[in-house]
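Here is a walk through one structure, helix by helix and residue by residue. Keep the view open as you read.

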Amino acid sequence: MTAEAKSPEKLLPTTLAALGIVFGDIGTSPLYAFRESFLGLARLDVTQAHIFGVLSMITWSLIIVISIKYLLVVMRADNEGEGGIIALVSLLQTKVSGTSRTRHILVVAGLFGAALLYGDGAITPAISVLSALEGLELVTSAFTPFVVPMTIGILIGLFSIQRYGTAKIGRIFGPILIVWFLVLALLGLRGIWLEPGVLVALSPTWAAHFLFAEPGTAFLVMGTVFLVVTGGETLYADMGHFGVKPIKLAWFALVLPALLLNYFGQGALVLSDNQEIVQPFFHLAPEWALIPLIMLATIATVIASQAVISGVFSLTRQAMQLGQLPRMAVVQTDGEEFGQIYIPFVNWMLLFATIGLVLLFRSSGNLASAYGLAIAMDMVITTFLTLFVLGRWGWNKALLVGLAIIFIPLDFAYFGANILKFFDGGWFPAIVAVLIFTLMTIWTQGRKKLREQVKHGEMEASQFVKRLPSSSIIRAPGTAIFMTSLSKGVPTSLLHHIKHNRSLHEHVVLLHVEIRPTAKIARKDQIIVETLGPNFYRVTFNYGFNERVNVPQRLKRCKVKGLDIDFDKASYFLGRETITFKRSGNLIRAISNSIFSFLNRNAGRATLFYGIPPNRVVELGSQVEI
C-alpha cells in the first residue's frame, strides 16, 4: 500500500487524487448506460416493471461487482501493493504454487485479458466524448451535424497534449470530479422528487422478477446494464498509485451514492414521461442549466478518457518490462515520477483507432454495442485468476467456493449477454485483443528461441577469465560495460570485440538487467556483484516490472557492494543481432518469423530503455540463425 494510504493526514488529499484518476470511466456511465438499456439491443418497452427491473439490476451490479468483488476481494490479490491484470499474472509466476500446466494456462489467459484492455482504451474516449456532446442536440437540432466533427477535434486535442504529461492537469481532476459527482447526485434527487416511489427498485426482487418473467429480454438487457460497471478494472489497476483505503473511501462516501441517485433520478423521470428515455440524463437538468451541464459532462469525459489512456501507457510499459512486447520509446514527462509517461507509438495508434470508431459508429448509442465485450471477458479472467491466487494463499476454501458461486455465474452472464453484441460492434475489441495477443506470443516465443541460440554458443566466464592472462590481448586503460541478456557466461559482444580489436579494457563489467515478475524489488536485492577475476566482474541489476530502469543511476550505488570503479567515463558495449531463420515449409511459421524479424528490427533502442547516454555506446553486430 502507498505511503499516502497509510498516513491518516494524507488520506483525504489522496482520496481527492484518486477521484480524479480512478473514477472517471465509471463516473461517466450515467450519460448512456440507463438509456441504452431500453434503446439498445433489447429494444425494451418503457413500462414500470421494466424501469424497476433495470434500476434493480443496475443497483445490485454496482454492489456485487464493484463494492464486493473488486473492493473487498480482488484488491486483496495485490503484488507488492500493485494491482491490475499484469500484476495478477506476475503473482502466478512468482508467488503462487501449483502445477506448471495450470499456471501456464492461467498466465496465458491473463495476458489475453491484458490485450483486451487495448480495445477498451480506444472505445472509452470515443463513447464518452460523443455521449457528452450529443447533449447539444437538445439545445437545437442545428448542432447535430457538428457533433462528430467536434468529437474528433476534442479527441485530437486530447491525444496531442499527451506528450506534455498530465501532472499539472491531474491536480485539478479531483476537484472537477467532485463537482461532477455532486451534480450527478443533485440531478438524481431532482428526478426522484418527481416519482419517489421509484426507490422501491432498490430491492433485488425487481431484478429477480424481471429475470424470471422475461429471461430472454432480461439477458439482452444485461449486456447494456453491464456498462455501469465497466470501470471496475480501473479501480484494481490504480490501487498501487493510491492504496485501497482512499479508493474505498471515495467509492462508498461519494461515487456509489451519486451514481445510484442519478440512475434512480433518470428512472423516475422516464416513469413520469416515457418519452424522456431518448436523453434522460440531460433532461434531468432545468433548461437554464443544460449548456453548463454539457460543458461539465464534456470535461468529465475528457478526464475519463485521460485515465484510460494513461492506463494503457502503464500497461504497455509493464508488458515491455516483462518481455511480452518489444521495446518502444517511453518518454518520462514528469522527472522521476514513474506514472507520468508518454509512449508516442501507442498514443497515435489509439488516436487513429478512436477517430476510426467515431467515424464508423457516429453515435454513442451505436458505440454502446461495441463497448463491454472486452471488459466482460476481462472480468471473467480476473475472477478466475484472483480466486486461484487467494486459494493458493490459504484463504478458507468454503469462503472461496461461496464467492465463486456468486461471481462466476454473474460474470459469465454478463459475458454471454455481451457476446450477442459481437456483430453490432463487439468485434472491434475482440479483433484488437487477438492481434495484440498474437504479437505478444510471436515476440515472446521469438525472444525465447533467440536467447536459447545465444546461450548455446556462450563461453563459460570462469574459463574465459582463466585464459585471459596468458593471451596476447592488450589491456587498455578505462572501463568497459558489456550489456548481456545472459545471467551466466560471456556475451558474444565481448568475444566479437576481442576478435576484431585484440584488446580489452582494464576494468570489465558484464552487466545483466533482470526484470522480475514482481512490482518492486527490495533495496538489498537490487544489486548483485560477483568477482570473476582480477578487475573482471559480473553485475546483476534486478528491477520490478513497475520500476523505472536507469542503469547509470544504479551503477553509482555499486560502491556499497565493493565495486569501487568510476563509471562516469565508462564505455557501454551492446550486441545487436541480425536474425536469419532456418528454412521451413510451414506457412504459419514463416509468417510468424517474418513478423518477429520486423518487430526485432523496429524495437526501441536499448540505450533509451536502459537510460544509457548514446554517446558512450558501442554496438557490435552479429548474425544469429534461429
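Helix H5 and helix H21 cross in a left-handed way. This is a predicted model. H5 covers residues 48-73, and H21 covers residues 397-419. Their axes come within 12 Å and cross at roughly 125°. That angle makes H5 oblique to H21. From H5, the contact is made by Ser61, Ile64, Val65, Ile68, Lys69 and Val73. From H21 come Leu403, Ile406, Phe407, Leu410, Asp411 and Tyr414. Sorted by class, this contact holds 9 nonpolar, 1 polar and 2 charged residues. An α-helix has 3.6 residues a turn, so residues three or four places apart point the same way.

Now turn to a second pair. Helix H9 spans residues 147-160, and helix H18 spans residues 344-361. They pack at an angle of about 170°, with their axes 10 Å apart. Angles over 145 degrees count as roughly antiparallel, and H9 and H18 are therefore roughly antiparallel to each other. On the H9 side, the contact involves Val148, Thr151, Ile152, Leu155, Ile156, Phe159 and Ser160. On the H18 side, these meet Asn347, Trp348, Leu350, Leu351, Thr354, Ile355, Val358 and Leu359. The contact of H9 with H18 has 11 nonpolar and 4 polar residues, and no charged ones.

Follow the chain past H18. Arg362 lies in the loop between H18 and helix H19 (364-370). Its phi is positive, about 65°, although Arg362 is not a glycine. Arg362 counts as partly exposed, at 48% relative accessibility.

Next, find helix H17, residues 290-321. It has 32 residues. From first C-alpha to last it reaches 47 Å, close to the 46 Å expected at 1.5 Å a residue. How many of the 32 residues of H17 are buried? The count is 24, so H17 is largely enclosed by the rest of the structure. Thr301 is found in this helix. At 0% relative accessibility, Thr301 counts as buried. Beyond residues up to four places away in sequence, Thr301 touches Thr28, Leu31, Ser128, Val129 and Ala132. After H17 comes Gly323, with a positive phi near 80°.

Move on to the strands. Strand E5 covers 527-533, and Asn535 lies in the loop between E5 and E6. Asn535 has a positive phi near 55° and is a residue other than glycine. With a relative accessible area of 28%, Asn535 is partly exposed.

Strand E6 covers residues 536-544 and holds Arg538. Is Arg538 buried or exposed? Arg538 is buried, because its relative accessible area is 5% and buried means under 20%. Arg538 and Leu510 are 28 residues apart along the chain, yet their C-alpha atoms are separated by 4.6 Å.

Finish at Tyr610, in helix H27 (residues 606-610). Tyr610 is buried, with a relative accessible area of 16%. Setting aside neighbours within four places in sequence, Tyr610 is in contact with Met483, Val513, Val549, Asn550, Val551 and Pro552. Ser272 is 338 residues from Tyr610 in sequence. In space, the two are 62 Å apart, C-alpha to C-alpha.

Note on methods
Residues numbered from 1 in each chain as written. Predicted model: local features only at pLDDT ≥ 70, side-chain atom pairs only at ≥ 80, totals over all residues. Heavy atoms only, no water. Helix = DSSP H or I, 4+ residues; strand = E, 2+ residues; numbered from the N terminus. Expected span 1.5 Å × (residues − 1). Buried < 20%, exposed > 50% of the residue type's maximum accessible area, 1.4 Å probe, protein only. Axes fitted to C-alpha atoms, helices over the stretch in contact; angles between N-to-C directions. Parallel < 35°, antiparallel > 145°, perpendicular 65-115°, else oblique. Left-handed = near helix turned anticlockwise from the far one by under 90°. Contact = heavy atoms within 4.5 Å. Nonpolar A, V, L, I, M, F, W, Y, C, P; charged D, E, K, R; others polar.
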